[in-house]
Amino acid sequence: MITLHSLADFPKDLRSVVTLGTFDGVHEGHRAILARLMEAAKKTDAVSVVLTFYPHPRSVVEHATAVQWLNTLEEKEQLLADLGIDYLIVLPFTPAFSQQSAEEFVLNYLVNGLHIQQIIIGHDHRFGKNRSANFDDLVLFGQKYQFDVEQITAQEIEAVAVSSTKVRNQLLAGDVAQAKRLLGGAYMLKGLVVHGKQLGRTIGFPTANLQWNNADKLLPQQGVYVVEVEALGKRYRGMLNIGNNPTVDGTGWHVEVHLLNFTGDLYGQWVTVWFCERLRDEMKFQSVEALKTQLALDRIQAEHYSA
């Protein structure tokens, strides 16, 4: 898949089938729509294009509070590429962009920019200045500029909305196993290993302290999780804690992962974590020895975890 941030880079000799949306999470509800997109592109000898905007239009037009995302842009790129999408177009959504008319958007971006052959769009989609145009207007533009418009039904839109809400609620409740089923794969987090207080190594459980790469990324509920970790090009099983380490620290908010059967230095390395199962709440123990005993039990559960 090719990611572009300007339509000037889109090849002039290609025709496209396009869908618009945030596709946050790229979950099962989204995947049904994306499968239709790829099928339509294949039938018409065109390329499949997902067109999205950053930042989210609501944050620019309505000055809405920042949303916590299921995916960073980098993660979304990886997931869409894995599905087989040809192009991801990420356009900057600015106040100036929001002021163009619906027809200007269609002509400048879809027709002249993407050489659109077909668009697959929600029945309730609104676009243009003040969101003044709707699906029926898009059909008229399609007739004028010679591209087809295919509707995503109310039922399909509802399925996407329900799936998105369920995934968020499950993650916020710590139910990463159920979230995995809807997402079609384990929830991921990418982080840079930074120096922490190195308390874990003093009790026999050295951890990598993660600094994730987007403050708007949604984190699962506080607690201890079984995870899979990719580090230095290899996969490891791990135990991850989200919280404030109440037994030995109790301050701040940390994401720390202990890799099973790993020795080495990860400082300054990017790692990817996939959440498999929640083991328990974060707890304050009466002593460090009690904490060590519980961590040993956690490690046994992590070692025996089976997807």
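Guide: Domain bounds come from an automatic or database domain assignment. For this protein the assignment gives domain 1 (2-162) and domain 2 (176-304). This is a predicted model, in which local features need pLDDT of at least 70 and side-chain atom pairs count only at pLDDT 80 or more, while totals for chains, interfaces and linings use all residues. Residues are numbered from 1 along each chain as its sequence is written, and side-chain values use heavy atoms, with hydrogens and water left out.

Visitor: How do you know that domain 1 and domain 2 are in contact?

Guide: Contact means heavy atoms within 4.5 Å. By that rule, 16 residues of domain 1 are in contact with 13 residues of domain 2. The centres of the two domains, taken over C-alpha atoms, are 36 Å apart.

Visitor: What is the area buried between domain 1 and domain 2?

Guide: Buried area is the accessible area (1.4 Å probe) that two parts lose on being put together, summed over both. Here that comes to about 1300 Å², and carbon and sulfur atoms give 48% of this area.

Visitor: Why is the meeting of Glu74 and Lys190 called a salt bridge?

Guide: The term requires a side-chain nitrogen of Lys or Arg within 4 Å of a carboxyl oxygen of Asp or Glu. For Glu74 and Lys190 the N to O distance is 3.2 Å, so the pair meets the definition. Across the interface of domain 1 and domain 2 the rule finds two salt bridges.

Visitor: What makes E9 and E12 a pair of strands?

Guide: Strands are DSSP runs of E with at least two residues, and helices are runs of H or I with at least four; both are numbered from the N terminus. Two strands pair if DSSP finds at least two bridges between them. E9 (residues 223-231) and E12 (residues 270-280) have seven bridges in the antiparallel sense, so they qualify as a pair. Glu228 has Trp274 in E12 as its bridge partner, and Val227 has Phe275. E12 is also joined to E7 by six bridges, again antiparallel.

Visitor: In which order do the strands close into a barrel?

Guide: Six strands close in the order E7-E8-E11-E10-E9-E12, with antiparallel pairing. The twist from one strand to the next averages 45 degrees, where axes are lines fitted to C-alpha atoms (for helices over the stretch in contact) and angles run from 0 to 180 degrees between N-to-C directions.

Visitor: What makes E12 mostly covered?

Guide: Buried means under 20% relative accessible area, exposed over 50%, and partly exposed in between (1.4 Å probe, protein chains only). Eight of the eleven residues of E12 are buried, so the strand counts as mostly covered.
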